[in-house]
Amino acid sequence: METYSFDRKFEQYNLYNKAGLAALVVHKGASIFKKGYGLRNLETQEPVTPDTNFRLASVSKQFTAMGIAILEEQGKLAATDSITKYFTDFPPCMEPVTIAHLLYHTSGLPECYDDLCTEDEHKPLVFNTDVYNYYRNIQQLDFKPGHRFEYSNGGYNLLASIIEKVTGKPFNEFLSDTIFKPLGMHNSRTYNPPFEIPHQAISYSRWPFFENMDYASGNTLLGEGGIYSSLNDLEKWIHALENHSLVSLTMMGKIFTSGATTTGEIIDYGYGWEFDTYDEHKLTYHTGGWVGFNCVIAHFPEKQLWIVCLANSPAINTWPSMEEIAKEFL
């Protein structure tokens with residue numbers, strides 16, 4: 001394996017017996033770097049490896065959106081469908097909200113997480129049914145659907161519930177049967193206690209204490225987050241995206257196309273992906289952060305370059321880690 005300056009810098013995480021980082025580089029269709037640093041579990045002193053499963057947090061949204069795209073291409077739903085087609089007891093204010101509004105974060109739904117989620121270990125876990133009940137009881141939206149972009153975790157929870165209603169399968173089974181198993185992502189899981197996550201990374205607080213902070217009542221919410229995956233599995237995910245293995249090339253184009261408001265203003269978000277430029281290069285990416293985990297998957301299409309960085313503590317910031325890697329290739 002070629003020696004890179006970022007590799008030498010990341011080696012510092014092996015010195016402290018603390019939380020760690022996993023990094024993957026795919027260039028021109030080939031994986032040219034894949035390595036773990038530090039520990040996935042401080043209690044057992046198990047190291048981070050390419051098989052270590054990290055919580056993806058909001059990077060999970062691209063899998064939910066892919067599920068919607070698969071069903072859309074099969075004709076089982078349409079992005080223009082009102083969500084009240086699937087949630088028939090939702091209040092009238094929800095009738096203008098479509099699946100597309102949920103995908104592009106233009107729904108106007110109020111955020112539910114401040115009311116539902118806590119890191120208090122004495123509080124019970126919450127589930128997508130709690131999100132559903134929250135929205136079933138709202139009286140008004142924050143803004144007219146399609147009017148503007150406002151990031152909504154709850155919207156992606158509803159997308160997962162729509163997938164369940166359309167397919168008749170629990171969301172975790174749908175992902176396993178439709179995405180994980182066909183792609184050979186055998187270690188990837190949705191968080192579904194009491195079932196264990198194989199090769200699971202535990203999340204820890206910032207330097208210097210590194211206290212276990214793996215619990216949050218929202219750990220069991222699915223659609224916006226809740227997926228655990230590894231470098232080895234995300235490598236397969238990237239190859240599937242490159243080869244449009246799950247949907248047609250036309251649908252892949254839709255996934256990676258920016259949405260727009262009702263006034264025609266382009267928003268820098270597609271089907272679970274964000275769009276930007278970095279150092280004058282086009283960048284498609286998504287970040288995620290939850291209870292100490294933070295991660296990024298970044299694609300520089302003009303350079304045929306993919307970078308994945310996963311960490312199990314905010315003491316290691318994966319965005320600067322991604323930048324360290326990118327500057328060697330850009």
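1. Two strands count as a pair if DSSP finds at least two bridges between them. Helices (H or I, at least four residues) and strands (E, at least two) are DSSP runs, numbered from the N terminus. With that in hand, welcome to the sheet: strand β10 (residues 293–300) and strand β11 (residues 305–311) pair in the antiparallel sense over seven bridges. Asparagine 294 has alanine 311 of β11 as its bridge partner.

2. A word on the model before going further. This is a predicted model, in which local features need pLDDT of at least 70 and side-chain atom pairs count only at pLDDT 80 or more, while totals for chains, interfaces and linings use all residues. Residues are numbered from 1 along each chain as its sequence is written, and side-chain values use heavy atoms, with hydrogens and water left out.

3. Now for the sheet as a whole. Its six strands follow the order β2-β1-β11-β10-β9-β8, the sheet is open, and the pairing is antiparallel. At the edges are β2 (30–37) and β8 (274–278), each of which pairs on one side only. From one strand to the next, the twist averages 15 degrees; axes here are lines fitted to C-alpha atoms, for helices over the stretch in contact, and angles run from 0 to 180 degrees between N-to-C directions.

4. A helix packs on this sheet. Helix α10 (residues 318–329) touches β1 (21–27), β2, β8, β9 (281–290), β10 and β11, and its direction makes about 150 degrees with that of β11. Contact means heavy atoms within 4.5 Å.

5. Two hairpins deserve a look. β8 and β9 run antiparallel and are joined by five bridges, with tyrosine 278 partnered by histidine 281 of β9. Two residues lie between these strands, and aspartate 279 in the turn has a positive phi of about 50 degrees. β9 and β10 also pair in the antiparallel sense, over seven bridges. Glycine 289 stands opposite asparagine 294 in β10. This hairpin has two residues between its strands, and valine 291 in the turn has a positive phi of about 35 degrees.

6. Nine of the twelve residues are buried, including Leu231, Trp237 and Leu241. Buried means under 20% relative accessible area, exposed over 50%, and partly exposed in between (1.4 Å probe, protein chains only). After α8 comes histidine 244, whose phi is positive, near 40 degrees.

7. A nonpolar core is a set of buried Ala, Val, Leu, Ile, Met, Phe, Trp, Tyr and Cys residues joined through side-chain atoms within 4.5 Å. The largest has 81 residues, and those with the most contacts inside it are Phe63, Met66, Ile179 and Trp237. Helix α2 (residues 61–73) gives the largest share of this core, seven residues. Not counting residues up to four places away in sequence, isoleucine 179 touches Phe63, Met66, Gly67, Ile70, Phe174, Trp237 and Leu246. Apart from this core lies another of 23 residues, among them Phe33, Tyr37, Val296 and Ala311.

8. Finally, is glutamate 164 buried, exposed or partly exposed? Glutamate 164 counts as partly exposed because its relative accessibility is 31%. Its place is in helix α6 (residues 153–167). Leaving aside neighbours within four places in sequence, glutamate 164 is in contact with Lys169, Pro170 and Phe171.
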